[in-house]
Amino acid sequence: MGETTQTVEVGYGGTERLVMNMGPQHPSAHGVFRAILTLEGETVVAVEAVIGYLHRCHEKLAENLTYVQYPSIASKTDYVSAMTAELAYVAAVEKVGKIDVPRRAQQLRVLVAELQRIASHCLWLGTWCMDMGGALGGGATIFLYAIRERELVLDLFESLTGARLLYGFHQVGGVRYDVPAGWAERCRQTVDLIGRRVDEYEAMLEDNPFFLVRTQGVGVISRELAQEVGVCGPLIRGSGIPYDVRRTEPYSSYQDFDFKVPVETAGDCFARYRVRMVEFRESIKIVRQALDGLAEGPISSRPGVKSVGQVRIPKGEGYTRIEGARGEVGCYLVADGGAKPYRLKWRGASFSNLAVLPYIIPGHKIADVVAIMGSVDPVFGEVDR
Amino acid sequence: MSPLVYHAIVGFVVLNAVIGMVTYVTLLERKFAARMQSRIGPYYVGWPHGWLQPIADALKLMMKEDIVPRAADRWVYNLAPLVFLVPCVLVFATIPFAPGLGVADLNIGVLFFLAVSALEIVGLFMGGWGSNNKYALLSAMRAVNQIISYDLPFIFAALVPVVLAGSLQMSTIVEAQRGLWFVGAYGILGPLAFIAFLVATLAAENRVPFDILEAESELVAGFRVEYSGMKFSLIMLGEYAHMIGTSFLGALLFLGGWLGPGPAWMGPLWFLLKALFVFLVVTWVRWSFVRIRVDQILAISWKLLLPLTLLLLMITAFVVAARSAGGA
């Protein structure tokens, strides 16, 4: 189950082949990914991607939990950016149930989504560099720097929601918690600091010839391939297509914010890195705007929801999509009028991004496999669900 | 006292000093890396600052279960750590720590050092082959590639001071630096040779950015993936001994060994400080770069480092020949 059989052969002149199993338990598997590599010497000639080691029946769980209960489970699909999946779920429920969301809640959703993007990109940068640089080398240095900044964002989330990883912040009709006293000022200071630190990472990485030779021209996703496979997020923007759900189909008041959608045309690991580095800055910009323009008013259109069965959605179905840190996260919901959804389908960004690996890995060296995989930034909770 | 007994005693002392140094160099590296990464590093084992951490590590490794994979080639697998360790420690035999203080100040000291340190590849390959593991095999393959490519530039860079001093004997090379350390000899000649030596050292020691043998994010732990317990610690001991040995060589050949201000008894101290400096430079590079790919490593060696060091050696030889002709 869940096996992709897509393999690509390239004609190499070698005579002996070695089949090597990379994963599901491997230091740079980013979770539980299994790649069956066929090698000729150091060169990978075919790769078979096997997923499904982290399947937790998320969609079936959704059918058995009420609209009030499920958001805190939804956050466990992509546990590195938990706010994203929560938001996708409650947005789908609100769309089917035609529930309005107050303006302040919309802005708070944007605020936490962008903070989450910063935290998620911090983790991506660290783990990716560790894939290339080794846990006992320069990669670990970047990893520890990036984790230090992610910690600051998690501190903000902790004082906002009480949790550091899986938040339960969103609820149908709004958000659960308002900004505590003094939080906005702390948030401003934190993003200022992170902005300065991002400059430091750039200086450390882009002036480093070894980093450049490891990333430039490696794992090129052409514009056509990107569209054909249907990659999303930083991958498709790194391949020259300016597609960002926040811009093409604004949700949660994103239309009121001023931000750039970074696009790079090279399509290699370095292009994806550049896209994410610019996204750091754009997210910081959006966070500042959200803090400046935070509207007064209620944070939920259904305050005082106490009982878990209290939210009922009329019969209907709907699909919402939002731009998570890894790309487009979609949620398709069918409601039958009860307190629980009839059926729920997740579209994970990492899942569709991972599908590109068998096309771009063959022809590269083993060392590039981990660099390419890191640049795709998969989270296996979201792939397998 | 017969010379045999004397040398046996000195050898025993040096061997134990090396092992003790290896133990504490790991702590130094961990502390140094921690500073670079804004951490504290080992702290609580032997408060303050983790003075007992290396001892605890060694004890832990000794008490670990020794696992031999069922499919391993037992003889090769079990012998590999020893075959790896012996040349790594043997290089210290030729290193004089002060005039007359050392196991054996051979008249072919540098040659002995280079030849013996090149032998470690045998142990590496035995470990990679004997483990019967695909990751280990790939790592052994990379090891052979890398050592062959980097031993030549390493030797050529090390020969520059030899030509300058006109001797292969370590103590003579040091004495020849009494006026000016070879790192500063002839404008950019000395510095370039020293830099080439450092780069080749990084590769010969398998350190980031050239640690493709270990490459824990691709090959898990490379040739030592199947080793555990004492055999693992023997390999680590060998690696660090090799690293310190090369640092000492760098200090001898380029930084003037035990020469320095102060009375003669401070010589070994100066020598140790200079070796530590070389070691820390290597560590500094290790903790700030990412690893490069096997084909790029080979390209750097064959296309850049080898021609450069060869050219340096030739220029040095010409300069020395011209000077002696002019002087005579």
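This is a predicted model: local features need pLDDT of at least 70, side-chain atom pairs count only at pLDDT 80 or more; totals for chains, interfaces and linings use all residues.
**Group meeting: a two-chain model**

Residues are numbered from 1 along each chain as its sequence is written, while chains are lettered from A and ligands numbered from 1 in the order in which they are written.

Back to C57(A). You'll find C57(A) in the loop between β3 (43-50) and α1 (58-64) of chain A. Those labels are DSSP runs numbered from the N terminus: helices are H or I with at least four residues, and strands are E with at least two. C57(A) isn't a glycine, yet its phi is positive, about 60 degrees. Why mention that? Most residues other than glycine have a negative phi.

Now zoom out to chain A. Its mean pLDDT is 85, and 93% of its residues reach 70 or more; pLDDT is the predictor's confidence in each residue, from 0 to 100. Over residues 1-6 of chain A, though, the pLDDT is below 50, and beyond near neighbours in sequence that stretch has eleven contacts in the model. A contact means two residues whose C-beta atoms, placed from the backbone, lie within 7 Å.

Chain A has 15 helices and eight strands. Its radius of gyration is 21 Å, close to the 21 Å that the globule rule gives for 385 residues, so chain A is as compact as a globular protein of that length. That radius is taken over C-alpha atoms, and the rule is 2.2 Å times the number of residues to the power 0.38. Of the 385 residues in chain A, 52% are buried.

One helix to look at is α4(A). It has 31 residues and reaches 45 Å from its first C-alpha to its last, close to the 45 Å expected at 1.5 Å a residue. The expected span is 1.5 Å times one less than the number of residues. α4(A) is mostly covered, too, with 29 of its 31 residues buried.

On to chain B. How many helices and strands are there in chain B? Eleven helices and zero strands. The C-alpha trace of chain B spans about 70 × 45 × 45 Å along its principal axes, and 47% of its 328 residues count as buried. A compact globule with 328 residues would have a radius of gyration near 20 Å, and chain B agrees, at 20 Å.

Take α5 (120-130) of chain B. Nine of its eleven residues are buried, so α5(B) is largely enclosed by the rest of the structure. Among the buried ones are E120(B), L124(B) and F125(B). What covers them includes α3 (74-90), α4 (109-118), α6 and α9 of chain B. After α5(B) comes N132(B), with a positive phi near 55 degrees. N132(B) isn't a glycine either, and it sits in the loop between α5 and α6 of chain B. With 16 C-beta neighbours inside 10 Å, N132(B) counts as partly exposed.

As for α9(B), its 26 residues should span 38 Å at 1.5 Å a residue, and the end C-alpha atoms agree, at 37 Å apart. Of those 26 residues, 21 are buried.

So where do the chains meet? The contact takes 31 residues from chain A and 24 residues from chain B. On the side of chain A that touches chain B, α5(A) gives the most, with six residues. That side divides into 16 nonpolar, nine polar and six charged residues. Ala, Val, Leu, Ile, Met, Phe, Trp, Tyr, Cys and Pro count as nonpolar, Asp, Glu, Lys and Arg as charged, and the others, Gly among them, as polar.

Last stop: the largest nonpolar core. In its 206 residues, L357(A), V369(A), I372(A), A158(B) and A200(B) touch the most other members. A core is a set of buried Ala, Val, Leu, Ile, Met, Phe, Trp, Tyr and Cys residues joined through C-beta atoms within 7 Å. Helix α6 (residues 134-165) of chain B supplies the largest share, 17 residues. Leaving out residues up to four places away in sequence, V369(A) touches M22(A), A35(A), L37(A), V44(A), I361(A) and H364(A).

Technical notes: A residue is buried if 20 or more other C-beta atoms lie within 10 Å of its own, exposed if 12 or fewer, and partly exposed in between; C-beta atoms are placed from the backbone.
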